[in-house]
Amino acid sequence: LFISPAFLLFLIFIAGPLLGAIALSLFQWDLLTPARFAGLSNYKQLLTDPVVGQSIGNTFIFAFWSIVLHIGIGLLLALAVNRAMPPALKYFLRTVYFFPLLMSWASVALMWKFALDPSFGFVNYYLGLLHISPPNWLLSPQWALPTIIAVDLWRTLGFTFIILFAGLQGVPAYLYEAARIDGAGPFDRFWNVTIPMLSPTLFFTSIITFIGAFQIFEPMFIMTQGGPGNATLSVVMQIYETGFRAFQMGYASTISLVVFLVIMIVTLIQMRLSRYWVNYD
């Protein structure tokens, strides 16, 4: 009786749509005419579709750099704010780092799209004043995906920072004091005290960051439309294009199952590897 509300929500919003996607992947349906049973034809098409392969590759690149940059820079910011400083300054820095996350993806994407515009964007203007030749941020196949990675980092870094900052505050001070008495330097204290005690938080952050990064959609859709030349096409955007623009709902469901399997497999691998480096003592 007590778990029934959560169980019903799970059935309606998770298990039901998942089973529906599995069933729909066996059909061809354009939303306008009755669905036709197609067997495994959608899966055969998936194996030979170069666009889906490119979108999955783009998403893996985005997810990899998202994890590396979020954890690396987020940890540096958390360590900096966790140092002794006036409480008002600490509160101000926490607010500044977290504030971009309060903005919607649509407003952030539009803001940076105009800021990086090669004709009137202020980024290229100030780079020009410094006699630096700016690239075509969102129009270059080489620069478009790194630019979106940077924009995503600007907006979502505050979430990683807050989690890691909370984890740092949970590290007992007596461990640092004991390490200092034993002659451990700053790096030794960081490597042998901070990292082991923070490992559960780092593990949680890596999983959440990967799941969020592999489901990225809004910045690609608003800033580049997946271009140029599919250089920023994410797999979730490919699902949207396939299902709601090409009206191939069965094939879109097949691609969505790939996203589900990738996230599940990578998460299971992360959980398996966590036993070798995550310390819960």
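Leaving aside neighbours within four places in sequence, Ser 66 is in contact with Asp 152, Thr 209 and Ala 213, where contact means heavy atoms within 4.5 Å. Ser 66 belongs to helix α3. The residue is buried, with a relative accessible area of 5%. Burial classes follow relative accessible area: buried is under 20%, exposed is over 50%, and partly exposed lies in between (1.4 Å probe, protein chains only). The model is a predicted one, in which local features need pLDDT of at least 70 and side-chain atom pairs count only at pLDDT 80 or more, while totals for chains, interfaces and linings use all residues. Residues are numbered from 1 along each chain as its sequence is written, and side-chain values use heavy atoms, with hydrogens and water left out.

Ser 66 is also one of the residues at a helix packing. Helix α3 (residues 50-81) packs with helix α9 (residues 186-214) at an angle of about 145°, and their axes are 10 Å apart. On the α3 side, the contact includes Phe 60, Phe 62, Ser 66, Ile 67, His 70 and Leu 79. On the α9 side, Phe 190, Leu 198, Leu 202, Thr 209, Phe 210 and Ala 213 are among the residues involved. By class, the contact has 14 nonpolar, seven polar and no charged residues. In this count Ala, Val, Leu, Ile, Met, Phe, Trp, Tyr, Cys and Pro are nonpolar; Asp, Glu, Lys and Arg are charged; the others, Gly among them, are polar. The crossing of α3 and α9 is right-handed. Handedness describes how the near helix is turned from the far one by less than a right angle: anticlockwise is left-handed, clockwise right-handed. Axes are lines fitted to C-alpha atoms, for helices over the stretch in contact, and angles run from 0 to 180 degrees between N-to-C directions.

The protein chain as a whole has 12 helices and two strands. These elements are DSSP runs, numbered from the N terminus: helices are H or I with at least four residues, strands are E with at least two. Their order from the N terminus is α-β-β-α-α-α-α-α-α-α-α-α-α-α. The C-alpha trace spans about 75 × 60 × 35 Å along its principal axes. Of the 281 residues in the chain, 42% are buried. Among contacts between residues at least 6 apart in sequence, 68% join residues at least 24 apart. The chain exposes about 16100 Å², and carbon and sulfur atoms supply 73% of this area. Accessible areas come from the Shrake-Rupley method with a 1.4 Å probe; for residues, only the protein chains shown count as cover.

Side chains of opposite charge can pair when their charged atoms come close. A search of the whole structure finds two salt bridges, each defined as a side-chain nitrogen of Lys or Arg within 4 Å of a carboxyl oxygen of Asp or Glu. One joins Glu 177 and Arg 180, with the closest N and O atoms 3.0 Å apart. Both residues lie in helix α8 (residues 173-181), three residues apart, about one turn of the helix. Glu 177 is partly exposed, at 40% relative accessible area. Arg 180 is partly exposed too, at 42%. Another salt bridge links Arg 245 to Glu 241, with the closest N and O atoms 3.3 Å apart. Because Arg 245 and Glu 241 are four residues apart in helix α11, about one helical turn separates them. Arg 245 is partly exposed, with a relative accessible area of 43%.

Backbone geometry was examined next. Most residues other than glycine have a negative phi, and most peptide bonds are trans. A cis peptide bond joins Gly 227 and Pro 228, with omega about -5°. Pro 228 lies in the loop between α10 and α11. Gln 225 is placed in the loop between α10 and α11. Although not a glycine, Gln 225 has a positive phi of about 55°. Gln 225 is partly exposed, with a relative accessible area of 44%. Gly 229 is likewise in the loop between α10 (218-224) and α11 (235-245). Gly 229 is exposed, at 66% relative accessible area. Gly 229 and Leu 139 are 90 residues apart in sequence, yet 9.6 Å apart in space, C-alpha to C-alpha.

His 131 is found in the loop between α6 (122-129) and α7 (144-169). Phi of His 131 is near 60°, a positive value in a residue other than glycine. His 131 is exposed, with a relative accessible area of 75%.
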